[in-house]
Amino acid sequence: MKAFMDKDFLLSTETAQKLFHEYADKMPIVDYHCHINPQEIAEDRKFENITQVWLGGDHYKWRQMRSNGVDEYYITGGASDREKFQKWAETLELAIGNPLYHWSHLELQRYFGYTGHLCGETAEEVWNLCNEKLQQDDMTVRNIIRKSNVKLICTTDDPVDDLKWHKVIAEDETFEIQVLPAWRPDKAMNLEKPEYVDYIKTLSEVSGVDVKTFADLKEALLKRMEFFASMGCSVSDHALEYVMYAPASEEKVDEIFKKRLGGADVTREEEMIFKTAFMQFVGKAYHEKNWVMQIHYGCKRDNNKLMYDQLGPDTGYDCINNYAPSAQTADFLNSLIATDELPKTILYSLNPNDNEAIGTILGCFQGTEAAGKIQQGSAWWFNDHKQGMIAQMTSLANLGLLGNFVGMLTDSRSFLSYTRHEYFRRILCELIGGWVENGEYPADYKVLEKIVCGISYNNAVKYFGFDL
């Protein structure tokens, strides 16, 4: 029996072990999509206890605690941090087969030197160990990032953000790691939301453009893109229900936009028309600026209205949506390439059943601007577990060029989540190592090193054009 999460965790063959220990594990990290707070980096926050780090905003963990029958008082409610940690420890011991079990213990090993296992009985020991460690100067936010071998971070930022904290970080010569904004204009696109009209008023104020027409909206967004670009932004991100394609005339789109600004609701058909035009506009702008367009789709959000009313969005009540017509995705990309204005694009679907569809769409729209110009993103959210990663990479290998894959990202709100890159790299090396051991690929370590180091780090640096 193998030891629990030892140095060869997830690595069952000699080839996999060599690929990981000699190549993948030595590569730095580019975290090109996450949700961490740049203010906490700017202020070099020091956490008081492990609950603040682990449970403060992690809806992955909240979902599991609810599945264990834990009262909301101990999850997002008024319980003490120690009580919340105890409930999490009692939940974790039942999470056999769940990636949270592996992630949590990788974090305990790498950042706190704890090689045991967290459960209800060991909670007090782990609580004291972690909290003592967190008081040390090498466990501030900046030092956690440093010891994780991170070279660059892209946060997630709204067009109206002033990017104050990015400026503070950029001007601080004592911090050598790049923290760049990433453009996330969902609020400018989601005209069906009740708060949309108020948001457009804010965008008008920030951009200096009185937004009354669709043309005005585009002008305002272009001005904000220029500002983001001046702050080092070269990455965008969109959260879509699916990649829609419902083309209409500029006049029709403007009519819908004015209708919504006037306070009226829009129909589902009108919503899709507007969002198609919006995405076509930003896609063309990204192409001109050489930005990467990331599109996350396949999620049905905020399913529990009772809890949404209490806690708001991003609190653990989302699920996979199985409606994502691949024909519309292809038609949307085709509408951009028809005028040679298709940017580098990464497609992520929350539904693993979309893997093969995405894999075949990629091959229709590649270009010479970048190897793997159109990418399938890493296994996302409900799929970033062992089987999900294997399925995504196997599908990509079957239908595309796995060697050009830009690899893993944390998509996290926690500064301890960089071990997810290690988890991914171990699974990558096990997968490739298995093919080699089975005689499906030669034991040519010069090429294998190029593939593994590329997927771990080099491909992303080159693809995004980061200055590292």
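The questions and answers below concern helices, contacts and backbone angles in a predicted model.

Q: Which side chain joins that of His-102 in a polar contact of 3.5 Å?
A: His-102 has its place in helix α6, which covers residues 99-112. Leaving aside neighbours within four places in sequence, its contacts are Met-5, Phe-9 and a further residue, Tyr-423. The side chain that makes the polar contact of 3.5 Å with that of His-102 belongs to Tyr-423.

Q: At what angle do α6 and helix α19 pack?
A: On the α6 side the meeting residues are Pro-99, His-102, Trp-103, Leu-106, Glu-107, Arg-110 and Tyr-111, and on the α19 side they are Thr-419, Arg-420, Glu-422, Tyr-423 and Arg-426. The residues of this contact divide into five nonpolar, two polar and five charged. The crossing of α6 past α19 is right-handed, and with the axes 9 Å apart the two helices pack at an angle of about 115°.

Q: How far apart are the end C-alpha atoms of helix α12 (residues 214-230)?
A: Helix α12 holds 17 residues, and at 1.5 Å a residue these should span 24 Å.

Q: Which helices do the buried residues of α12 pack against?
A: The buried residues of α12 are Phe-214, Asp-216, Leu-217, Lys-218, Ala-220, Leu-221, Arg-224, Met-225 and Phe-228. After the helix comes Gly-232, whose phi is positive, near 95°. The partners against which the buried residues of α12 pack are α10 (186-189), α11 (196-207), α13 (250-261) and α14 (268-289).

Q: Which residue caps the N-terminal end of α4?
A: Helix α4 spans residues 59-67, and its buried residues are His-59, Tyr-60, Lys-61, Trp-62, Met-65 and Arg-66. These buried residues pack against α3 (50-54), α5 (81-92), α6, α15 (305-311) and α19, while just after the helix Gly-69 takes a positive phi of about 80°. At the N-terminal end, a side-chain oxygen lies 3.0 Å from the backbone nitrogen of Tyr-60, and the capping residue that supplies this oxygen is Asp-58.

Q: What is the relative accessibility of Asn-149?
A: Asn-149 sits in the loop between α8 (141-147) and β2 (150-154). Its phi is positive, near 65°, in a residue other than glycine, and most residues other than glycine have a negative phi. Asn-149 counts as partly exposed because its relative accessibility is 27%.

Q: Is Asp-340 buried or exposed?
A: Asp-340 is found in the loop between α16 (326-337) and β8 (344-349), where its phi takes a positive value near 55° in a residue other than glycine. The cut-off for exposed is over 50% relative accessible area. With a relative accessible area of 53%, Asp-340 is therefore exposed.

Methods. Residues numbered from 1 in each chain as written. Predicted model: local features only at pLDDT ≥ 70, side-chain atom pairs only at ≥ 80, totals over all residues. Heavy atoms only, no water. Helix = DSSP H or I, 4+ residues; strand = E, 2+ residues; numbered from the N terminus. Polar contact = N/O pair within 3.5 Å; in protein donor to acceptor, adjacent residues only side chain to side chain. Contact = heavy atoms within 4.5 Å. Expected span 1.5 Å × (residues − 1). Buried < 20%, exposed > 50% of the residue type's maximum accessible area, 1.4 Å probe, protein only. Axes fitted to C-alpha atoms, helices over the stretch in contact; angles between N-to-C directions. Left-handed = near helix turned anticlockwise from the far one by under 90°. Nonpolar A, V, L, I, M, F, W, Y, C, P; charged D, E, K, R; others polar.
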